[in-house]
Amino acid sequence: MSEIREVIIKTDKLATDKYQVNMGPQHPSTHGVLRLLVTLEGEKVLNVQPHSGYIHSGIEKMCEAISYPQIIHLTDRMDYLSAHMNNEAVALCVENALQVEVPDRVKYIRTIMDELARLASHQLWWCVFGMDLGALTTFFYGLRDREHILDIFEETCGARMTVSYSTPGGLMFDIHPNFQKRVKDFIKYFRTKLPEYDKLLSGNVILRERTEGIGHLSYKDAIDFGVTGPSGRASGFSCDVRKHNPYSAYPFVKFNEILDHRCDTLARYEVRILEMYESLNIIEQLIDNIPEGDYAVKMKGVLKLPEGEFYQRVETARGEFGVFIVSDGKKNPYRVKFRSPGFSNLFALNNMTKGHKIADLVAIMSTLDLIIPDIDR
Amino acid sequence: MDIYNFTTLTHNIHTGLAQSFAPWLATTIEWVIVGVAYLLFVALFGLFLVYAERKVCAAFQQRLGPMRVGKWGLLQTIADFIKLLMKELIMPRKADWFLYNLAPFIVIIASFLAIAALPFAPGLQSMDFDIGVFYLTAVSSVGVIGILLAGWSSNNKYSLIGAMRSGAQILSYELSVSLSLLTMVVFAGTMQFSAIVEGQRDAWFIFSGHIPAIIAFVVFLIAGTAETNRGPFDLAEAESELVAGFHTEYSGIKFAMFFLAEYINLFIISAVAATVFLGGWMPLHFGNLESFNHVMDFIPPVIWFFGKVLFVIFVIMWFKWTFPRLRVDQILTLEWKYLLPINLVNILLMALVVLTKFHF
Amino acid sequence: MTKEELISYLTGNFPEAEVKSGAQYAEMTVKASDLHETAVQLKDTAELSFDYVFCLTGVDYAENMGIIYHIESVEHRHTIVLKVRTADRLNPVIDTVSDVWITAKYHEREAYDLLGIHFNNHTDLRRLFLEDGWGFPLRKDYVDEIRIVER
C-alpha cells in the first residue's frame with residue numbers, strides 16, 4: 001500500500017504501466033503477415049517496432065540460381081499490386097546491360113500497363129484505407145472499379161495480378177485487339193467514378209478529423225528514411241522516378257508530379273487520389289498513339305549479361321523500386337538486390353506514430369500502403 | 001382504433017387463467033407466457049435485424065447480400081445461428097472462468113430488461129411503470145458491466161482496450177441519452193411510456209415540440225448509436241484496430257449472445273426514439289384533416305410502431321455503412337464538448353417552450 | 001552536377017578513394033577504414049549533399065564482402081555508387097553509416113541478416129527476416145540441404 005502511495009505522491013497522479021501489444025502477424029489491419037510490437041500507455045502509442053520476415057521467401061537467393069527471363073516471374077510475387085512495374089524494372093535492367101533498344105511500341109505499352117497497374121493499386125489502397133478507418137463501404141466501390149483493370153490485364157496478359165508481361169527484350173505477347181478500346185472505355189468510365197471517391201470519403205468530416213495533422217513525416221525525415229512514392233511526395237520530397245530518371249515512354253508524356261507539403265495522413269491520402277487523375281492523363285496521351293511495330297526484339301536463347309553491375313530504378317505504386325544486378329558473365333546473376341519501397345517506408349512508421357493513438361497507428365500504416373511480401377521479399 | 005386494442009385479449013387471457021387455476025399458478029403461467037413471448041420475439045427479431053443489416057449494407061455497397069439460403073437468402077441468418085450454436089466454445093486458458101461465462105448473460109439480460117418496458121401497441125406492454133423512462137435509462141446501462149467484464153476476464157489486451165473504450169464511451173453517452181429523453185419528459189410531463197404515447201394522439205412530439213424536440217431527437221440518435229456500440233462509434237469492437245474488441249475471445253453461442261444483444265440494443269434505441277419522438281404506435285395525425293386521420297387509423301398500431309422502429313433502424317444502419325470510425329478522444333470530445341452543452345441548453349429551451357406554451 | 005563534373009570533383013577532393021565512371025553512375029571505391037569519414041563528407045559537403053540512400057547492397061565476393069551504397073542528392077539530383085570491401089570474408093566487419101543516413105540502419109540490418117556483415121557502432125543490429133542461429137543465406141557457401149535443390 002505504502003509503495004503505491006509513494007508512486008502516487010511522486011508522479012502526482014495515478015501510476016499507469018506501459019504495456020506491449022503484438023499487432024500481427026495475424027491482425028486485420030496489417031494486411032498480411034507483418035508483426036508490430038507496439039508499446040502503449042493506455043491508448044497512446046509510445047513505440048512501434050516492426051518485426052518482418054514472416055513471409056520472407058528468399059527471392060534474392062533464388063534469383064542467383066535462375067536465368068534472367070525467369071527472374072521476371074519472381075518479381076511478380078514481391079509487390080503483387082505493382083507486378084508490372086517490377087517486371088519492367090528487371091526487363092529494363094537486362095536490356096540496359098545488353099544495350100538492347102526496344103521498339104517504341106513496347107515502351108508505350110509498358111507505360112500504359114504501368115499506369116493501369118498504378119491505378120489498380122491506388123484503387124485497392126483507397127478501399128483498404130476506408131476499411132482501416134471503419135468505413136467499410138469504400139471497399140466495394142474501389143474493388144468495383146479495379147475489376148475493370150484486372151479484366152483488361154486478363155485479356156492481354158492472361159493473368160489478373162501476377163502478369164509477368166514485360167520480359168527482357170519486349171513483351172510476352174502483343175496486346176489483345178480489344179485492348180485500346182477497353183482501356184478507352186475504362187478511362188471514360190473511371191473519370192465518372194473517381195469523383196465518387198471524393199464524395200464518399202474525401203469530404204467526410206470524420207475522415208478529415210481523423211487524418212489532418214496526424215502522422216507528421218517531415219521533409220527531412222522523408223529523405224532520411226528514404227520514404228518514397230506518394231508517401232514521400234506528401235512530405236514534399238520530390239522523388240518521382242518517372243520525372244527524374246524517366247524510362248520507357250515517360251519522356252514522351254506530359255504529367256505533373258503531385259507534391260504536397262502538409263506531411264500528414266490527409267496529404268498522403270490526397271496525393272494518391274490526385275495521382276489517379278494523373279495516371280488517367282498519362283494513359284490518355286498514349287493510348288491512341290501506340291506505334292505499329294514488333295512487340296519484342298529477338299533476343300538470344302540464353303541471356304548472358306556482361307560482367308559488371310547494373311542498376312535500374314522504376315516508380316511503382318508505392319515508391320521507388322530498384323533492381324541491382326551484379327553479373328559475372330554467366331547466364332544467371334551473381335547477386336540480385338531488390339530495393340523495395342515498402343522496406344524503407346515501413347521503418348519510418350515508428351517516427352510517425354509516436355504520441356498518437358492506436359487508431360492513428362492504423363490510419364498511418366494504411367497511408368504508407370505497405371505490401372508485406374514487398375518488404376520481406 | 002379499438003379493434004386493434006390488445007387490452008381485451010390480454011384481459012381475457014388473464015381472467016380465463018384466473019378462473020381455471022389457483023392465483024399463484026395463474027400468475028406463474030402468465031410469467032412463463034410473457035417470458036416465452038419475449039424470448040421468441042427477441043430471437044426472431046434479432047435474426048431478422050441481422051438479415052436486414054446484411055441486405056441494407058449490401059445495398060449501400062452495390063452488392064446483393066445473402067442470396068443462397070432460402071428465397072433471397074431469407075434463411076441465411078437462421079443457418080448462421082445454427083452454425084454458431086454448434087460451434088465449440090473456446091476459452092483462453094488464463095481467463096477468469098466465472099466472469100468470462102457471466103459476461104454474455106449480463107449483456108443480454110440488460111437488453112431483455114430494457115425491452116420489457118416498451119409499449120408495442122395499445123395493451124401490448126408487459127410493465128407499464130410510471131417511471132418508465134427512468135427505468136429504461138437505468139437498466140440500459142447495466143449492459144456495460146457485461147462488456148467490461150468480458151474485456152477484463154478474457155485475458156487479452158485487445159479485449160481489455162475494447163472494454164475500456166466501451167466503458168468510457170457508454171458512460172459518457174448515457175448522459176446525452178438521458179438528457180435528451182429528459183427534454184421530452186419535460187415536454188410530455190410524464191415518465192410513463194403509455195402516457196407519453198397517449199400524449200401524442202394529436203401530433204407526434206417531434207412535430208409538436210418543434211425545434212427543441214428535433215434537436216433532442218438528433219442528439220438522441222447520435223448518442224443512441226454510440227450507446228449501442230455501432231459504427232461510426234464502434235470503437236469497442238473496432239475491427240481494424242482491436243480485431244474484435246471485447247468479444248475477441250468469445251466463440252459459439254456466447255459470441256452469439258453478444259451479437260444478439262447488439263441488435264436488441266439497436267432495436268431498443270430505435271423503439272425508444274420511435275416511442276418518445278415519433279409517437280410510438282400512434283398513427284400519423286394532422287390537426288384538422290379528419291378524413292386523412294381516419295384513413296391512418298385503419299393501419300394497425302403494431303404496424304405503425306414497427307414501421308417507425310424500422311425507419312430509425314435504417315437511419316442508424318445508414319450511419320454505420322457510410323461514415324468512418326471516430327477516434328477515442330474525438331468520441332469523448334463530441335460528447336463532453338458538443339452534445340452535453342447542446343443538451344443542457346436544449347432542456348432550458350424546452351422548459352421555456354413548455355412554460356410559454358409555444359408549441360402545437 | 002553532371003556525371004563528369006562529379007567524377008572530377010570527387011577525384012580532386014577524395015585523393016584516397018578510387019573514382020571511376022561506371023556504366024550509369026559515378027563510382028567511388030573507398031577503404032573500409034575511410035568509409036565513415038567519407039560518408040560524412042559526402043553528406044555534409046554543400047556541393048555534394050548526398051542525402052538519400054536508395055539502395056544498400058551487400059555482395060559476397062569470394063575473397064571478401066562488398067557493400068555497395070547507391071546514394072542520390074535530392075538537391076543536386078546526382079547519384080553516386082559508393083563501394084567498400086571488408087578485409088575478412090568469414091567475419092566481415094565494417095563501420096556503420098546509419099548515423100549519417102538513417103535509412104541505412106535498416107538496410108544494414110538486412111545485410112547483417114542475409115550476409116552476416118557486422119556493422120560497428122550500429123545501435124540495433126539484430127536479425128531482420130530470419131531467426132537467430134540461422135545461417136547467412138546470401139553467402140555463396142551457404143548450404144541448406146533441405147530447402148535448396150541442386151540442379
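Colleague: Which residues lie nearest the centre of the largest cavity?
Modeller: This is a predicted model, and the largest cavity has a volume of about 330 Å³. Its lining is made of 26 residues. Those that lie nearest the centre are Ser140(B), Glu227(B), Thr228(B), Ala261(B) and Asn265(B).

Colleague: Which element gives the largest share of the lining of the largest cavity?
Modeller: The elements that give two or more residues to this lining are helix 4 (97-115), helix 5 (132-140), helix 6 (143-153), helix 7 (157-188), helix 10 and helix 12, in chain B. Seven residues are the largest share, and they come from helix 12 of chain B.

Colleague: How do the residues of that lining divide into nonpolar, polar and charged?
Modeller: The lining of the largest cavity holds 26 residues. They divide into three charged, seven polar and 16 nonpolar.

Colleague: Which residues of helix 12 of chain B meet helix 10 of chain B?
Modeller: On the side of helix 10 of chain B, the residues are Phe217(B), Phe220(B) and Gly224(B). The residues of this contact divide into five nonpolar, one polar and no charged. From helix 12 of chain B come Ile269(B), Val272(B) and Ala273(B).

Colleague: Which chains have the most contacts between them?
Modeller: Chain B and chain C do not touch, and their nearest C-alpha atoms are 25 Å apart. That leaves the contact of chain A with chain B, where 33 residues of chain A meet 24 residues of chain B, and the contact of chain A with chain C, which takes 39 residues from chain A and 40 residues from chain C. Of the two pairs that touch, the most contacts are between chains A and C.

Colleague: Which three residues of chain A lose the most area to chain C?
Modeller: Chains A and C bury about 3400 Å² between them, 53% of it on carbon and sulfur atoms. Three residues together account for 18% of what the chain A side buries. They are Lys61(A), Tyr311(A) and Tyr334(A).

Colleague: What area do chain A and chain B bury between them?
Modeller: Glu43(A), Phe140(A) and Ile206(A) supply 20% of the area that chain A buries against chain B. Carbon and sulfur atoms carry 57% of the total for both chains, which is about 2500 Å².

Methods. Residues are numbered from 1 along each chain as its sequence is written. Chains are lettered from A and ligands numbered from 1 in the order in which they are written. This is a predicted model: local features need pLDDT of at least 70, side-chain atom pairs count only at pLDDT 80 or more; totals for chains, interfaces and linings use all residues. Side-chain values use heavy atoms; hydrogens and water are left out. Contact means heavy atoms within 4.5 Å. Helices (H or I, at least four residues) and strands (E, at least two) are DSSP runs, numbered from the N terminus. Ala, Val, Leu, Ile, Met, Phe, Trp, Tyr, Cys and Pro count as nonpolar, Asp, Glu, Lys and Arg as charged, and the others, Gly among them, as polar. On a 1 Å grid over the protein atoms alone, a cavity is a set of points where a 1.4 Å probe fits but cannot get out, and a pocket is an open set with protein on both sides within 12 Å along at least five of seven lines; lining residues have an atom within 4 Å of a point. Grid points are joined across faces, edges and corners, and a volume is the space filled by probe spheres set on the points. Buried area is the accessible area (1.4 Å probe) that two parts lose on being put together, summed over both.
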